[in-house]
Amino acid sequence: MEITVLENRYSDLLNRYTGPGKKIIVSFHGEMDQDRVSMLSYTAEHQMEMLGARRGTIKKIFNILIELLQNVLLHSASPEMGKPFYFVLAENLEDYVAICANVVSNEAAKKIQETLDDIKKMNERQLKNHYLEVLSNDHYSSKGGAGLGLITVALKCNNNFTFNCIPLDDKVSLFEMTSIISDK
Amino acid sequence: MEKLFIKESLNNPRVTLDPTKKRYEISGKSFPENAKAFYQPVIDWLKDVPVSNTEKIRLSFMLDYISSSSVISVKQVLTKIKAKNTEGADIEVLWHYDPTDPDMKEIGEEYEKVVGIKLQFVEQAS
């Protein structure tokens with residue numbers, strides 16, 4: 001079931017970002033590992049340089065991609081199936097859109113939703129203060145994270161993001177996050 | 001103190017901590033899968049820095065990208081440096097940044113606030 005849902009949504013996204021004023025820059029559907037984080041980020045960086053995007057925009061997108069993809073690597077919950085995910089970076093009129101989705105436990109999905117709901121309510125200054133507050137505390141996970149990744153994504157896209165958690169069964173959900181980055 | 005060298009890869013920086021050549025640098029892009037494990041040898045190396053009759057160590061951070069998990073681990077490296085200096089070591093941190101990229105300088109300034117350590121900012125040619 002999980003794979004079918006992922007495949008269908010990935011396929012819908014490819015269609016959504018194809019057409020006048022739209023262009024798929026990099027896309028991938030499959031299993032996540034660290035090499036894939038590097039491969040997708042460097043490919044995206046190179047493709048954006050070829051498209052003539054501004055250096056600052058490329059850097060922001062590189063930042064966002066690393067955080068989104070490493071979140072998949074570190075927080076996927078589907079041990080019997082590996083770490084399935086999909087990722088799309090597309091041009092949409094004057095914006096760039098980065099979409100990343102993976103399977104997480106329902107418990108993690110709830111926590112991510114709460115965190116992102118809180119982040120979404122913050123203005124830029126509050127977000128920056130929250131970033132410094134999290135950086136100042138010393139409560140890190142065994143993987144070294146402290147929740148800075150999602151705040152970093154929000155800061156880099158000026159809080160212009162959306163997210164969805166779609167329950168797949170009573171244990172896991174599909175978590176999808178979309179960040180919109182303006183090249184203006 | 002022994003030499004510590006970690007080769008650069010697509011996702012981790014090169015680490016050179018070489019007392020013989022007096023060369024101390026961490027340079028490149030930093031987004032290893034497990035940042036905590038990657039920076040632990042650096043923290044362990046710092047534990048062996050003498051705290052009396054010491055020579056000055058000038059450690060350069062020349063990072064052109066740092067992920068959020070690396071931001072936390074580098075903070076722990078800087079916290080260790082601050083503690084060693086309090087004990088008597090003499091470690092100066094040089095924070096290199098590209099003037100066309102405001103992010104790296106800003107991260108250095110955030111470390112000064114959060115860790116309470118003074119960094120020497122070095123503008124590098126882009």
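1. Start where the chains meet: 21 residues of chain B are in contact with 22 residues of chain A, contact meaning C-beta atoms, placed from the backbone, within 7 Å. On the chain B side, helix 2 gives the most, with 6 residues. That side of chain B splits into 7 nonpolar, 7 polar and 7 charged residues. (Ala, Val, Leu, Ile, Met, Phe, Trp, Tyr, Cys and Pro count as nonpolar, Asp, Glu, Lys and Arg as charged, the others, Gly among them, as polar.)

2. A word on reading this: it's a predicted model, where local features need pLDDT of at least 70 and side-chain atom pairs pLDDT 80 or more, while totals for chains, interfaces and linings use all residues. Residues are numbered from 1 along each chain as its sequence is written, with chains lettered from A and ligands numbered from 1 in the order written.

3. Chain B has 3 helices and 6 strands, taken as DSSP runs numbered from the N terminus (helices H or I, at least four residues; strands E, at least two). Along the sequence they run β-β-β-α-β-α-β-α-β.

4. Now look at helix 1 (residues 35-47) and helix 2 (residues 68-87) of chain B: their axes come within 9 Å and cross at roughly 10°. The axes are lines fitted to C-alpha atoms over the stretch in contact, with angles from 0 to 180 degrees between N-to-C directions. That makes the two helices of chain B roughly parallel, the label for angles under 35 degrees. Their contact has 10 nonpolar, 4 polar and 3 charged residues.

5. As for overall dimensions, the C-alpha atoms of chain B fill a box of roughly 40 × 25 × 25 Å along the principal axes.

Terms used. Parallel < 35°, antiparallel > 145°, perpendicular 65-115°, else oblique. Contact = placed C-beta atoms within 7 Å.
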